[in-house]
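Dear colleague,

I am handing over the structure below, and I would ask you to look through it before reading my notes.

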Amino acid sequence: MLKNLPIGTQTDVLIEPRTFFNEKELKEILKKCGLKITKQRVAVLKVLSSGPRYHKTAKDILEEVKKNFPNIGFATIYRLLKRLSQAQMILEISMGAGSSCYELKTKQQSHYHIACLNCGKIIEFKNKMIETTLEKIVLEKNYTLKNQVVEIYVNCDSCKNQ
Ligand SMILES: [Zn+2]
Ligand SMILES: [Zn+2]
């Protein structure tokens with residue numbers, strides 16, 4: 001369903017503007033993941049931390065990084081994304097049909113996502129009521145909340161009739 005999406009052409013709707021990570025901070029992220037610092041890896045992180053889209057597919061990243069590192073392949077990108085995700089440095093937003101968007105975690109609070117299944121646009125939002133409800137459900141079970149992910153899929157206003 002999402003295979004032919006023009007992902008990367010839509011601007012994300014962010015709840016607040018992103019703070020850019022400088023090169024030193026990006027290298028710090030690699031170190032925290034136990035990864036060796038390479039120019040390619042830093043380049044991948046740079047793409048993840050720059051806009052107008054802050055939620056990017058592996059394809060978006062590959063296309064950007066390829067401009068400076070023509071030999072980089074999907075496998076390298078995926079391996080790095082997996083490591084970053086395991087270390088909880090990035091957030092993976094499943095877009096269905098095996099496609100995902102990735103977002104570098106920022107210092108700001110966690111937020112939820114509304115994704116348009118047609119154009120791939122991602123709209124971020126926060127909602128105290130959802131947050132409190134999720135915390136309550138977890139607490140009632142006597143669990144400790146570690147992470148919460150809410151993904152909502154829509155046809156956005158410009159794609160309503162498709
Ligand atoms: Zn749309
Ligand atoms: Zn986001």
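The arrangement around the zinc ion (ligand 1) is tetrahedral because its 4 donor atoms subtend angles of 104 to 115°. Here donors are N, O and S atoms within 2.8 Å of the metal (3.2 Å for Na, K and Ca), and since water is not among the atoms, sites may look incomplete. Four donors count as tetrahedral if all angles lie between 85 and 135 degrees, while four count as square planar and six as octahedral if opposite donors are over 155 degrees apart and all others between 65 and 115, and anything else is irregular.

Before going further, please note that this is a predicted model, in which local features need pLDDT of at least 70 and side-chain atom pairs count only at pLDDT 80 or more, while totals for chains, interfaces and linings use all residues. Residues are numbered from 1 along each chain as its sequence is written, chains are lettered from A and ligands numbered from 1 in the order in which they are written, and side-chain values use heavy atoms, with hydrogens and water left out.

The protein donors of the zinc ion (ligand 1) are Cys116 (SG), Cys119 (SG), Cys156 (SG) and Cys159 (SG), lying 2.3 Å from the ion, and along the sequence these residues are spaced C-x2-C-x36-C-x2-C.

The zinc ion (ligand 2) is coordinated at 2.1 to 2.6 Å by His55 (NE2), Glu103 (OE), Glu103 (OE), His111 (NE2), His113 (NE2) and Glu124 (OE). Its 6 donor atoms make angles of 52 to 168°, and the site is irregular. The spacing of these donors along the chain is H-x47-E-x7-H-x1-H-x10-E. Histidine 55 lies in the loop between α2 (39-48) and α3 (58-66) and glutamate 124 in strand β4 (residues 122-125), so the pair ties together parts that are 69 residues apart in sequence. Helices (H or I, at least four residues) and strands (E, at least two) are DSSP runs, numbered from the N terminus. Both histidine 55 and glutamate 124 are buried.

**Cysteine 101**

Cysteine 101 counts as buried, at 0% relative accessibility.

**Loops and a helix**

Glutamine 88 has a positive phi of about 60° although it is not a glycine; this residue lies in the loop between α4 (74-86) and β1 (90-94) and, at 47% relative accessibility, counts as partly exposed. Asparagine 142, likewise not a glycine, has a positive phi of about 70°. Asparagine 142 is placed in the loop between α5 (128-140) and β5 (151-154), and is exposed, with a relative accessible area of 71%.

Lysine 24 is found in helix α1 (residues 23-32) and is exposed, with a relative accessible area of 66%. Lysine 24 and valine 42 are 18 residues apart in sequence and 9.6 Å apart in space, C-alpha to C-alpha.

Terms used
Buried < 20%, exposed > 50% of the residue type's maximum accessible area, 1.4 Å probe, protein only.
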